[in-house]
Number of protein chains: 2
Amino acid sequence: MKKWKNNIRQVVPYVPGEQPEDRNVIKLNTNENPYPPAPGVMAAREQIGDLRLYPDPAAGQLVKAIADYKGLSEDQVFVGVGSDDVLAMSFMTFFNSDKPIFFPDITYSFYDVWADLFRISYERKALDDDFCIRPGDYYPENGGVIFPNPNAPTGILMDLSDIRDILEHNQDVIVIVDEAYIDFGGESAQELLTDFDNLLIVQTFSKSRSMAGVRIGYAMGAPEIIRALNDVKYSFNSYTLNQPSIVLGTVSLREEGYFKETLKKITDTREWFKKELARLNFSCPDSRANFVFVTHDRLPARDIFEAARAKNIYVRYFNKPRIDNYLRISIGTMDEMKAFVAFLEEYVNH
Amino acid sequence: MKKWKNNIRQVVPYVPGEQPEDRNVIKLNTNENPYPPAPGVMAAREQIGDLRLYPDPAAGQLVKAIADYKGLSEDQVFVGVGSDDVLAMSFMTFFNSDKPIFFPDITYSFYDVWADLFRISYERKALDDDFCIRPGDYYPENGGVIFPNPNAPTGILMDLSDIRDILEHNQDVIVIVDEAYIDFGGESAQELLTDFDNLLIVQTFSKSRSMAGVRIGYAMGAPEIIRALNDVKYSFNSYTLNQPSIVLGTVSLREEGYFKETLKKITDTREWFKKELARLNFSCPDSRANFVFVTHDRLPARDIFEAARAKNIYVRYFNKPRIDNYLRISIGTMDEMKAFVAFLEEYVNH
């Protein structure tokens, strides 16, 4: 064997959700938004301008637009290439303790991957039997805490009082609340920023703003922790957000009417879909995200997953302990969900 | 002090070249291309399409376009968010030895930053008095080798025979040749890929393709090392290149005529500018990049830098040992360089 192979970093590669080339697929597997970005975003594509120049490394225009939108100051906002980039930078920046970080046993599948990558020790805290986070599990001494709210892939929302409780018991470490799905019906922990300078909130343009293809994520926190994130980012790659991202992201924030309207369509569709699922003897936690997490009282999830796939309907199946009889189904347009219900109706009754 | 501050990663933040908002500045400080991207790229902005969906995590369309353009197979090409991202991923993937990696003492200013960030030990090998790399310095046992060709900020090109020599003496580690500026007059090490499966060549769309604002870099190497890079990238952030990058980068590669034409304009301007510099008693190494590295026989570089800045002409000054009496001047349009020569003429003679 070649000696240089000994020095290659060993990782367990992440397998992303399938991105089929075929556009006839009903794609409910990666929590994308079924509606296009705001009309202004589409129109702004022609104005993405001076591509020959390096983008502003601070993405100042976008940071200011987010800060204004959220009622924060610019030094409270950090932007990155999707929330994955923001979260990875956060792990690298804040989780350098010799104590393990804590996160739920059923949660976003990248947390343990980043912890392994950056050699951060961790403990998974089991959700209760209803898939809820138990705040008390996060009281013992640790090197940091992270959880999504709503949690993924369950869609369950935690009350702000529970988040406050976790923060009160964790004032010596950074607590990250990953709010990728918060706009679909949750209350952001943003108001807790006033009381906790160790709180970092991460959000994204990929879901509620229909811009997964543009890759914009951001974090909100006290100026001191935002500065630390920027220091690490600049030491790694100064120019991460490209000019199209900066321009299109900024425009998106101006289109509040469209934003609210598409959110309402998705949450209305979700509530309709939940009722249809119940009718077909599926059960699911009360999702506040743009997906539902479902199990059937009789039919194995994996079989449904494969049968749907054969009909060009893609959903997500996780072959993991405790959740291997569940499907995560993204909320598409009403037409897409009706087509899926028609498929389920036939599948369940035959 | 808050205890969580103890766990923040300590880094020395990189200070990027100034990106002035004022568009009246003659901007010769960050090696950008003075000409716009190819006309097809500008036209394709409207076709960047399905922004609501995640981009193809493999950026397959762009990887194929690069592979076809270079006469390689797709499994020999890795793409990233600018060559900084590609290089950082390469440090993380390949430099995991307990022996130090080697790079020149005067070189791209990010190498030591990444080495520090990933806790990789390193030794800087001094360039000779003419700022040339001495291949023999790279013979001792090491954990990896990296150097730019042409070197930055000197612009000096190394012969392929010297690169082959370094590779022959370093078959147990990965050798990275950073060819960010190769298109401006150098011979790529690509032909050495046939003989060395431990060679990684990194190039970028930021300079010769006028697309710094889009952030596309790529690496070429044996399938096995490209696979290792992809494994690490996927474990970090699966969706790094956004949809605009994938579409615009692919289109750029189709416009060979425009590409050659702008390269010729820049190299013609560079050769003219070198003669003007000599006339004004500046000296510089024989640059094969889109910048020149100059010193004056009498006037301090820092003073020229500041005087130019006061006239809205930005160049780069590095306050570092051995090069603190040099300026790095990017090659702009002929008009921009004439304006700069007019400034120098007045500055030198008064």
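## Helix packing and the A–B contact

In chain B, the axes of helix H2 (residues 60-70) and helix H7 (residues 243-252) approach within 8 Å and cross at roughly 20 degrees. The model you are looking at is a predicted one. An angle under 35 degrees counts as roughly parallel, and H2(B) and H7(B) are therefore roughly parallel to each other. The crossing in which H2(B) passes H7(B) is left-handed. On the H2(B) side, the residues that meet the partner helix are B:Gln61, B:Leu62 and B:Ala65, and on the H7(B) side they are B:Ile246, B:Gly249 and B:Thr250. Sorted by class, this contact of H2(B) with H7(B) holds three nonpolar, three polar and no charged residues.

Now to a helix pair in chain A. Helix H3 (residues 82-94) and helix H6 (residues 223-234) of chain A have axes that come within 9 Å and cross at roughly 105 degrees, and H3(A) and H6(A) are therefore roughly perpendicular to each other. Here H3(A) contributes A:Met89, A:Ser90, A:Met92 and A:Thr93, while H6(A) contributes A:Ala228, A:Leu229, A:Val232 and A:Lys233.

Here is how the residues of each contact divide by class:

| H3(A) with H6(A) | five residues | two residues | one residue |

Finally, the two chains meet through 67 residues from chain A and 67 residues from chain B. On the side of chain A that touches chain B, two or more residues come from each of H3, helix H4 (111-117), H6 and helix H7 (243-252) of chain A. H3(A) gives the largest share of that side, seven residues. By class, the side of chain A that touches chain B has 34 nonpolar, 19 polar and 14 charged residues.

How values were computed. Residues are numbered from 1 along each chain as its sequence is written. Chains are lettered from A and ligands numbered from 1 in the order in which they are written. This is a predicted model: local features need pLDDT of at least 70, side-chain atom pairs count only at pLDDT 80 or more; totals for chains, interfaces and linings use all residues. Axes are lines fitted to C-alpha atoms, for helices over the stretch in contact, and angles run from 0 to 180 degrees between N-to-C directions. Helices (H or I, at least four residues) and strands (E, at least two) are DSSP runs, numbered from the N terminus. Angles under 35 degrees count as roughly parallel, over 145 as roughly antiparallel, 65 to 115 as roughly perpendicular and the rest as oblique. A crossing is left-handed if the near helix is turned anticlockwise from the far one by less than a right angle, and right-handed if clockwise. Two residues are in contact if their C-beta atoms, placed from the backbone, lie within 7 Å. Ala, Val, Leu, Ile, Met, Phe, Trp, Tyr, Cys and Pro count as nonpolar, Asp, Glu, Lys and Arg as charged, and the others, Gly among them, as polar.
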